[in-house]
Amino acid sequence: MSDRYEYVPHRLLRRRVRDIASGVEGELMAVVNENVSCAGAEYWMELAYIRAPSGREFTTSVANVQAV
């Protein structure tokens, strides 16, 4: 493990999901608690990695993920 990120278990891993922010559907590949700070104080955020039908993965807040 790195101090920059850690994997988080999620009930929808490897299932079809929708990103409610963009409306894009895909497969939830991972949920990662990631340090997204540039400098100074650390800022950690849970990011969902979703693989779209095109094969390209994108991230969104885990709060934006819903089952399809």
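The chain contains zero helices and six strands, where helices (H or I, at least four residues) and strands (E, at least two) are DSSP runs numbered from the N terminus. Read along the sequence, these elements follow the pattern β-β-β-β-β-β. This is a predicted model, in which local features need pLDDT of at least 70 and side-chain atom pairs count only at pLDDT 80 or more, while totals for chains, interfaces and linings use all residues. Residues are numbered from 1 along each chain as its sequence is written, and side-chain values use heavy atoms, with hydrogens and water left out.

**Overall dimensions and surface**

- The C-alpha trace of the chain spans about 35 × 20 × 20 Å along its principal axes.
- The chain exposes about 4,600 Å², of which carbon and sulfur atoms supply 48%; accessible areas come from the Shrake-Rupley method with a 1.4 Å probe, and for residues only the protein chains shown count as cover.
- Of the 68 residues in the chain, 29% are buried, where buried means under 20% relative accessible area, exposed means over 50%, and partly exposed lies in between (1.4 Å probe, protein chains only).
- Among contacts between residues at least 6 apart in sequence, 42% join residues at least 24 apart, a contact meaning heavy atoms within 4.5 Å.

**The nonpolar core**

- The largest nonpolar core has nine residues in all, namely Val-8, Leu-12, Val-17, Leu-28, Val-31, Ala-48, Ile-50, Val-62 and Val-65, and strand 3 and strand 4 are the elements that give two or more residues to this core.
- A nonpolar core is a set of buried Ala, Val, Leu, Ile, Met, Phe, Trp, Tyr and Cys residues joined through side-chain atoms within 4.5 Å.
- In soluble globular proteins, nonpolar side chains tend to be buried together.
- Leaving aside neighbours within four places in sequence, Leu-28 is in contact with several residues, including Leu-12, Val-17, Ala-48 and Ile-50.

**Salt bridges**

- The structure holds four salt bridges, each being a side-chain nitrogen of Lys or Arg within 4 Å of a carboxyl oxygen of Asp or Glu.
- One of them joins the side chains of Glu-27 and Arg-14 (3.5 Å, N to O), and this pair links distant parts of the chain, since Glu-27 is in strand 3 and Arg-14 is in the loop between strand 1 (5-7) and strand 2 (16-19), 13 residues apart.
- Glu-27 is partly exposed because its relative accessible area is 28%, whereas Arg-14, at 55%, is exposed.
- Arg-51 forms a salt bridge with Glu-57, with the closest N and O atoms 2.7 Å apart, and salt bridges that share partners join Arg-16, Arg-18 and Glu-25 into one network.

**Two loops at the surface**

- Arg-56 is found in the loop between strand 4 (44-51) and strand 5 (57-61), and Arg-56 counts as exposed because its relative accessibility is 65%.
- Not counting residues up to four places away in sequence, Arg-56 touches Ile-50 and Arg-51.
- Val-36 lies in the loop between strand 3 (25-35) and strand 4, and at 33% relative accessibility Val-36 counts as partly exposed.
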